[in-house]
Amino acid sequence: MVKALLLKLKEALISVLPVTLIVLIISFTPLVDFTATEMIVFCVSAVFLIIGIALFNLGADLAMTPMGEHVGSGLTKSKKLIVLLSVCFVMGLLITIAEPDLSVLASQVAAVMNGTLLIVTVGVGVGLFLLLAVLKIAFKKNLSQMLMFFYMTLFALCALLISMGKADFLPLSFDSGGVTTGPITVPFIMALGVGISTTIGGRNANENSFGLVALCSIGPILAVIILSMTSSGSLTYTLPDYSVDANLGTAFWYKLLETVFDVTKALGLISLFFVILQLAVLKLPKQKIIQIVIGIVYTFVGLVVFLTAVTVGFMPIGFKLGSEIASDSKILLVVLALVLGAVVVLAEPAVHVLNKQVEEVTGGGVKKIEMIIALSVGVGLSIALSVIRIIFGFSLLYYLIPGYLLSLGLSFFVPKIYTAIAFDSGGVASGPLTSSFILPLALGACSVIAGDGKILDLAFGIVAMVAMIPLITIQVLGFKAVTKAKVRRRITMKRILSADDEQIIYFSQKDR
């Protein structure tokens, strides 16, 4: 266990070090004027971030992934489809309701729509789409066709929302898709897909194990768009105070207790569900249960440490970076967004779970390093493009419509497993560090460039961009793999056809 933890600490250090070094290097330049308190809090938070990611990843290996796989395989082996679908719907609903980021989203739109209604509606959306994802695996349906249908429906609703004069709701609606796929739910849902698909089997078992997160990301967007149509009044947003609290000790303990409550609520629901299923269906051996309990403890501590560190230390730094560099140089702001985006995704806890699972399920066909590069390039580009949108002040749909059309179009030309992995990676890449470091950076930049009144329209939508661009970069990776395979086959055939007749061995009927 100690050896495994040390390995996770090493991986977490490599993940967090780049973004920490970039911020430290910038702090020694005249571009940003950080106070000594801000830098001390940031450095201490970076250390806790490393510890939190390491503990979370170890907990995911010991508990979250095995729990998801056992639930998926156990319920599938029972051959009771109604029970499997009912459990998946209720689980999707309750886990989403417990997601802390969704509560933040609800509080931001409370002036124009009922917060509780929003949370429940989004939860129903996730539950329904998780149910659809399970049906996709059970009946071996094509993921690309399902994605095409639901995204076309989504953009039709966008057009309707714009015609109603409620375009301000669009960035918030698309951001909600990334908000609801949090670090607790993603490993569990992904493992659930693996458990169901491996039990059902079939020729495309590996491909079918992906796609659950992709479909679960669509439900919240549709839910918020539909609710936006029924809302009355204009959407308003109050910029939070991102300064480091003078009474830091009290603020830290308050945030720690709040995070403990949020993580307990979300992790507790999954654990409770697992206990009920263990008693009713699974009947796992005692040793396996002990391992899962230990893993849950690691996951709990890791997430509490990670989320507290990000909120206390990284939010203020992100906001100040965005606001002060935006006032100095817009070109430098775009470059910084590109670089930070490329390295921030490495520190997202669920990204490591995705990369590990992709390498295992594909038998090394999709390398971990290839996934990391594709995600880094994708997230870097998405944040740079988001900053360009803030500078020039155009609609988010100018990115989303061509982007999703391209990614959906690519799905017909690349191996289906790349499409499934790509659409899952979108939900995974837009994790808590994106919301707590990159979003404040965008808010700070927007408040300087366009003013506080344009924040909802221009700064929001960055999570949606982080969820979209990796779809294209990972499918391009798949397109490259297909092209290389075709070139190899062509070269091989050319060599065979150009070979001398003397090199060809003929077998007579007698030899046979």
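Let me start with one cut-off: a residue counts as exposed when its relative accessible area is over 50%. Pro285, at 53%, is therefore exposed. Hello everyone, and please keep in mind throughout that what we have on screen is a predicted model.

Let's stay with Pro285 for a moment. You can find Pro285 in the loop between H11 and H12. If you want a distance to check, take Met190: Pro285 and Met190 are 95 residues apart in sequence, and their C-alpha atoms are 23 Å apart in space.

For context, most residues other than glycine have a negative phi. Is Lys283 buried or exposed? Its relative accessible area is 57%, so Lys283 is exposed.

Lys140 is not a glycine either, and its phi is positive at about 55°. You will find Lys140 in the loop between H5 and helix H6 (143-163). Its relative accessible area is 46%, which makes Lys140 partly exposed.

Going back to H11, that helix carries Leu257. Leu257 has 60% relative accessibility, so this leucine counts as exposed. Between Leu257 and Val414 there are 157 residues along the chain, and their C-alpha atoms are separated by 47 Å.

Now to the inside. How many residues does the largest nonpolar core have? There are 158, and the ones with the most contacts inside that core are Leu321 and Phe437. If we set aside neighbours within four places in sequence, Leu321 is in contact with Phe437 itself, and also with Val23, Ile26, Val32, Phe34, Ala326, Leu336, Leu340 and Leu441.

Next, some individual buried residues. Helix H12 contains Ser323. With a relative accessible area of 13%, Ser323 falls under the 20% cut-off and is therefore buried. Beyond its neighbours within four places in sequence, Ser323 is in contact with Gly444, Ala445 and Val448.

Ala442 is in helix H18 (residues 432-449). Its relative accessibility is 0%, so Ala442 counts as buried. Which residues does Ala442 contact, leaving aside neighbours within four places in sequence? They are Ile390, Ala459 and Ile462. Val304, by comparison, is 138 residues from Ala442 in sequence and 25 Å from it, C-alpha to C-alpha.

Then there is Thr65, in helix H2 (residues 36-77). Thr65 has a relative accessible area of 17%, so this threonine is buried.

Helix H3 (residues 81-98) packs against helix H5 (residues 115-138) at an angle of about 145°, and their axes are 7 Å apart. Is the crossing left-handed or right-handed? The crossing of H3 and H5 is right-handed. As for the residues of that contact, 19 are nonpolar, four are polar and none is charged.

Two length checks to finish. Helix H8 (residues 185-200) has 16 residues, and at 1.5 Å a residue they should span 22 Å. The end C-alpha atoms of H8 are 23 Å apart, which agrees. H8 is also mostly covered, with 13 of its 16 residues buried.

Helix H16 (residues 397-410) has 14 residues. From its first C-alpha to its last, H16 reaches 19 Å, close to the 20 Å expected at 1.5 Å a residue. Which residues of H16 are buried? Reading along the helix, they are Leu397, Tyr399, Leu400, Gly403, Tyr404, Ser407, Leu408 and Leu410.

Note on methods:
Residues are numbered from 1 along each chain as its sequence is written. This is a predicted model: local features need pLDDT of at least 70, side-chain atom pairs count only at pLDDT 80 or more; totals for chains, interfaces and linings use all residues. Side-chain values use heavy atoms; hydrogens and water are left out. Axes are lines fitted to C-alpha atoms, for helices over the stretch in contact, and angles run from 0 to 180 degrees between N-to-C directions. Helices (H or I, at least four residues) and strands (E, at least two) are DSSP runs, numbered from the N terminus. A crossing is left-handed if the near helix is turned anticlockwise from the far one by less than a right angle, and right-handed if clockwise. Ala, Val, Leu, Ile, Met, Phe, Trp, Tyr, Cys and Pro count as nonpolar, Asp, Glu, Lys and Arg as charged, and the others, Gly among them, as polar. A nonpolar core is a set of buried Ala, Val, Leu, Ile, Met, Phe, Trp, Tyr and Cys residues joined through side-chain atoms within 4.5 Å. Buried means under 20% relative accessible area, exposed over 50%, partly exposed in between (1.4 Å probe, protein chains only). Contact means heavy atoms within 4.5 Å. The expected span of a helix is 1.5 Å times one less than its number of residues.
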